[in-house]
Amino acid sequence: MGDGRLVIQNGATAISAELGLTLLDRATPAQAVLTLVSDKGALTAHLRARVDTIAARDLAVMAPPLAFLGFVDAPISGALEARLTQDGTFGGMTAELGLAAGRLAPGDGARPIGFDRAALSLAYDPVTARIALSGLSVESPSLRLTAHGHGDLLASDGSPLAAGALPDSILAQIAVEEVMLDPDGLFEEPVRFGSGALDLRLQLSPFRLDIGQVALVEGDERLLLSGAVEATDSGWKLALDVDLNRIETERLLKVWPVSVVPQTRTWFATNVGQGVLTDVQAALRLRPGGQPQFTLGYEFSDTDVRFVRTLPPILNGRGHATLENKTYTVALDKGHVIAPEGGRIEADGTVFQILDITRRPATGKVDLVTSASLTATLSLLDQEPFSFFSKAGLPYNLGDGRAELKATIIMPLKQHIPIEEVSFTVAGHIRDFTSPALVPGRILTAPEIRVAVDTEGLELTGKGRLDLMPVDLTYRQGFGPEQKGRARVDGTVMLSDDVLRDFGIELPAGSVRGEGPAAIDVALVRGEAPQLTLTSNLTGLALRLDALGWSKRAGTRAALDLEARLSREPVVERLTLNAPGLEARGRITTREGGGLEVASFERVVAGDWLVAAVTLTGRGRGALDVAVTGGSLDLRRMPDAGGGAGGGGPIDIRLDRLRISDGITLTDFRGEFGSRGGFNGRFVGAVNDTALIEGIVAPAEGGSAVRITSENAGAVLAAAGIFDQGRGGSLDMTLFPRGPRGEYNGAATFTRLRVQGAPALAELLSAVSVVGLLEQLNGEGLAFNNGEVTFILTPRAVEITEGSAVGASLGISFAGLYQNGSGVIDLQGVISPIYLVNGVGQILTRRGEGLFGFNYRVTGTAENPNVAVNPLSVLTPGMFRELFRQRPPSLTDAEGGG
């Protein structure tokens, strides 16, 4: 304390005293002048005090109504007046005070809050313990305030403060006339409100401010704040809740503390455009030593939002946002995007999240919900940082349709984002899908396509049609660099005649009926024709190839495996068919404008009758030319091709072997045939690789009939294993199918045939003692001018029903049985020597028998015959010979039938 003075005056009506002091405990000396005036008549007194730069805390100790100044570290100046009542009690106080630059410092642990100056005018009523605040103003870099109101001083039990006591707390109601908030570094720029009101409770020891409500109004904006501020030994402790009815996004950034969740605030400033926010609710929690906990929620409308920096913004957005715990979420109820191509994309339901606002860099998650044209959606997904289609070297305009997709994107929120740090998935469906691009040259349509996309690639799955073909397909397109320009289509298709014709494979009408599933895989490479792999068990398809006499019922299983190039004119590069009765392996080409060009099968196995190479050449309108080359064909087992469905095209056959019967095979066979009305045509070949013949095939009841001619009958009979002692002559033989497979009714004629060295005939001539003929037989051979044979040919034996041979020297008739394999013979007939003379009586006998002849029978084998001759039969004229002739042996006898 410095110097001072004391003046006392005793007046007529009052006694007055004045005390002046100088206080030296601060850098700038403080002064105080106290004046006391006591009325002699009323026994009342008035106390006036003028202070100049006195410490606010010192004044707070001397005047209980000013106890709240105990937290202020600043010099204060002004005037105070107090009065004493007649009973000596405190009657009230008024004050006009101004504070110079200082700070609010409620405790050692809490960082002080500075201000430039402040002023207050108040009156205190000790009866009600209320301070009437007629003027309050604060000016500082962080706060400018003009307000008035009142505060009630309360005891520790909450009752009004008793006279002479110090308050425990102050309950205040303040009307704000103007407020500007600009704490150092807290806001982007000062935040102003034109008016407001505060309801609060200030606890003095320790310092705690409970805010029942702060209502601030600026234009149409109304901000409500409540909570508590507490100074602890460790620092400030805050719990504040804010409600804001509406605010423009630009202004929200002004009232959003810069230091509170700065990454989220930066994202908001960068990505949220002009718009209106409503029902804004925020909460700030701060504990000493901890991170600020900030929650925020608001509704927005007519707002532009950009979730990913490289993607177009969502326009006219409406929705809500929350910041809770460490996660910031923006949910879009309504909004749209203008895609780079394809127009507008509805983005209703899109959600953006910053998963953890405390991480550096933070991770953003976008659940992008879109509804738009397929081109628009995929063009959006082809933007940076993804560019999956561009990097794969493939177009994103895959087709038309309405895409309803949900994309989930997870990525770091930083300036440059490597694709390796992006997680990306898309799921949804496309309605009314049409694409000429997935399978080039073909139109794929589907009522609905399921979509799945991730960082690895794109997958489209659905049922529809590929041109006319019903399909259930999955399209896969990889995004990796090794997949550039590549994609795959696989799934199930339904094959039918219409589908095959649509793909250029036109078979004769009726060749394909019904429909059946097939599994396909199509490899797509940019700049190349699609490569198709197809497999099917052909169940459901009834197939018929009349050119091969083959058919398959719809319920019969088979195996089809092919690889094709789906160019402008599709090419089946490999085809393998394994079906009951048919095996084939080859390739197929199609003609420009559609239709089969050539189906070339290097190997065809048809039942048990054909093993060969087959070429089918299309002639338009389902007609086919057939070429069979190499291999073998068994005429015995060849099915009836029938008429009807066949195209009637020519059949060109070049075979190594054509089997007629068990013992007769034609080699080096060449023929041209047709299938219209049944198998028919002409051919040449060698019997058992020895004797040349020519022939005609014609349809007949039960199969095909064959006529064979040759200019060397002896060689033909020998090659066929029927008779190997014949030389020369001509042959004309016809075979008719007789019902059972491999059995024929035959008829043959021959002329100018010479027989040489036949053991059975030699035995016969020896038995009848015709020496000259025997010498002819063993020499140049016996000559027969002509002969006829009717027979039955079976796989087991040949039954000669009637046969004859006639020459100038000899006539012979024969009938009986020749068994294949064993060579056993059983023949009987009549031999007529000197037939030129003896044959005059032929009109009375069978052909080959003279008027007089010897009955004979030959048994055993062709190589070792047993000959029996009835010499007395020569005495029986031919006209009576039938009375004594035995029945010749037959096939029934050979089978043990009698």
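I15 sits in strand β2 (residues 14-23); strands here are DSSP runs of E with at least two residues, numbered from the N terminus. This is a predicted model, so local features need pLDDT of at least 70 and side-chain atom pairs count only at pLDDT 80 or more, while totals for chains, interfaces and linings use all residues. Residue numbers run from 1 along each chain as its sequence is written, and side-chain values use heavy atoms, without hydrogens or water.

Together with L6 and I8, I15 makes a nonpolar surface patch of about 310 Å². Patch members have over 30% relative accessible area and no salt bridge, with nonpolar side chains joined within 5 Å and like charges within 9 Å. A salt bridge means a Lys or Arg side-chain nitrogen within 4 Å of an Asp or Glu carboxyl oxygen.

There's a negative patch too, built from D243, D279, E299 and D333. D243 belongs to strand β18 (residues 235-248).

| Residue | Relative accessible area | Class |
|---|---|---|
| I15 | 38% | partly exposed |
| D243 | 34% | partly exposed |

Now the sheet: β5, β8 and β9 form an open, antiparallel one in the order β5-β8-β9. Its edges are β5 (72-73) and β9 (113-115), each pairing on one side only. Pairing takes at least two DSSP bridges between two strands. Strand β8 (residues 102-104) has three antiparallel bridges with β9, and L104 has I113 in β9 as its bridge partner.

Key. Helix = DSSP H or I, 4+ residues; strand = E, 2+ residues; numbered from the N terminus. Areas by Shrake-Rupley, 256 points an atom, 1.4 Å probe, with all protein chains shown as cover. Lys, Arg positive; Asp, Glu negative; His and termini not counted. Charge placed at Lys NZ, Arg CZ, Asp CG, Glu CD. Buried < 20%, exposed > 50% of the residue type's maximum accessible area, 1.4 Å probe, protein only.
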